[in-house]
Amino acid sequence: MDSADIVIVGSGHGGAQAAIALRQAGHDAPIAILSRDHTPPYERPPLSKEYLAGEKPLERILIRPETFWEERDIALHLGTNVAEVDWVAHEVVTGDGRRIGYRKLIWSGGGDPRRLSCPGSDLDGIHTVRHRHDVDQLRRELDAGARRAVVVGGGYIGLEAAAVLRKLGCEVTLLEMQPRLLGRVAGETLGEFFLDEHRRQGVDVRLETAVERIDGANGRVTGVVTAAIEGRESETIPADIVIVGIGIVASVGPLIAAGASGSNGVDVDEFCRTTLDDIYAIGDCAAHANAYADGAVIRLESVQNAHDMAACAAKAIMGDKQPYGALPWFWSNQYDLKLQTVGLSLNHDGGVIRGSVADRSFAVVYLREGRVIALDCVNRTRDYAQGRKLVEARAVVDPDLLADSDTPLKEML
Ligand code: FAD
């Protein structure tokens, strides 16, 4: 192949959905997906949940059956790294030097997991969870008898992995540098709730704890050494495996090198267009002004955002330009807990709890200047479903009424 009408870089949620949306909108010229991944498009959320637990095989996490892509005349070029973008010539250059022309380019490169940079961080047995092969390797080591796990990072991926590892019978220690869990994405109540839950399930959670180095023998990890801080000595935690869940760096190097504007990711406008002609960017790597963050420029790392941006870019390419303004939502499963969040709680200045934290069924309703801006719902699907409308409307509701579990949220609009 030396050209396609639309070239999509990345076969994750954004890339796959962009191709699907284009075909659904009647696009009938050649589409090519170029991706470093070696597996046809698959879902990432199960990687730290059912796939890691061994409860769902690969076939059940494929975004579409394997035959779908050929049937829709979407060419999948797997194992292909895009190393360069020549926006003047409208060509991408692959790692092995092939030049592939396009009329429109959709960049959906997602992100590369951040890695530890301390001594010992390149030992065998240290894992990130981003790709299917990461989890396959982790599973092989678990099957071979690894039992003592250290998880670095108390965000969603670290917590989900910790929950699965406990279920698989591992001893789990979780290290978080911040004074609380989920500090980047949720309010204090939720962080404290998950701290209690994980400790109750037997995870040894250490807050305000950084990694100083990783010890090993014969090239393989044997322990994680924590950094000493005032009043607390350094300690070695024995480990057969280490899982690092400390965020991602947006995979946009070739676009930035080509001159696209961006610092944390690549900047896009309301139609997902980068500053380079005919190049769109979507999903985890796309920095955009988000209406639910009061117009602040942010990147969102969620399936919802990847899907909705894919639809937005596909529509714009098909001449049906509609500005991106989708309501953010997200979920996380840990043990028997189903967390569903809607809206963005960053910059909240108030909060109301509905239901009972002790009974493990509650919603935190986040407020800014008296308006409902987000909800975190734990085992509380009805509040999640009904609360969406309050967030969309940025409704002003009396906090006492919000806290009243007997009054459904849908009656508060
Ligand atoms: P990705 O899905 O990461 O796809 C990026 C693609 O680009 C990959 O195929 C990659 O190989 C390819 N690529 C990158 N650079 C290049 C290049 N230069 N050349 C060629 N190919 C390239 N979201 C939720 O909403 N709920 C959840 O519960 C949830 N759980 C998650 C659990 C895990 C373990 C992970 C990793 C993510 C989770 N997410 C969850 C986030 C969600 O999966 C991402 O937001 C989503 O995958 C983003 O889609 P994307 O297309 O932007 O990026």
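**Close-up 1. Contacts of L47 in the predicted model****.** Apart from the neighbours within four places in sequence, L47 is in contact with Y42, L52, I61, V129, R130, H131, R132 and V135. The residue belongs to the loop that lies between β2 (31-34) and α2 (50-53), and its relative accessible area is 2%. Because buried residues are those under 20% relative accessible area, L47 counts as buried.

**Close-up 2. L47 and P328****.** These two residues are separated by 281 residues in sequence, and their C-alpha atoms lie 21 Å apart in space. L47 is placed in the loop between β2 and α2.

**Close-up 3. The open sheet of five strands****.** The strands follow the order β21-β22-β25-β24-β23, and their pairing is antiparallel. β21 (329-334) and β23 (350-356) stand at the edges with a single partner strand each, so that one side of each of these strands has no neighbour in the sheet. From one strand to the next, the twist averages 15°.

**Close-up 4. Pairing of β21 with β22****.** Strand β22 comprises residues 337-343 and pairs with β21 in the antiparallel sense, over six bridges. Within this pair, F330 stands opposite T341, the latter being a residue of β22.

**Close-up 5. Helix α6 on the sheet****.** Helix α6, formed by residues 188-200, packs on the sheet and touches β21, β22, β23, β24 (361-368) and β25 (371-378). The direction of helix α6 makes about 165° with that of β22, the strand that pairs with β21.

Terms used:
Residues numbered from 1 in each chain as written. Predicted model: local features only at pLDDT ≥ 70, side-chain atom pairs only at ≥ 80, totals over all residues. Heavy atoms only, no water. Helix = DSSP H or I, 4+ residues; strand = E, 2+ residues; numbered from the N terminus. Buried < 20%, exposed > 50% of the residue type's maximum accessible area, 1.4 Å probe, protein only. Contact = heavy atoms within 4.5 Å. Pairing = 2+ DSSP bridges. Axes fitted to C-alpha atoms, helices over the stretch in contact; angles between N-to-C directions.
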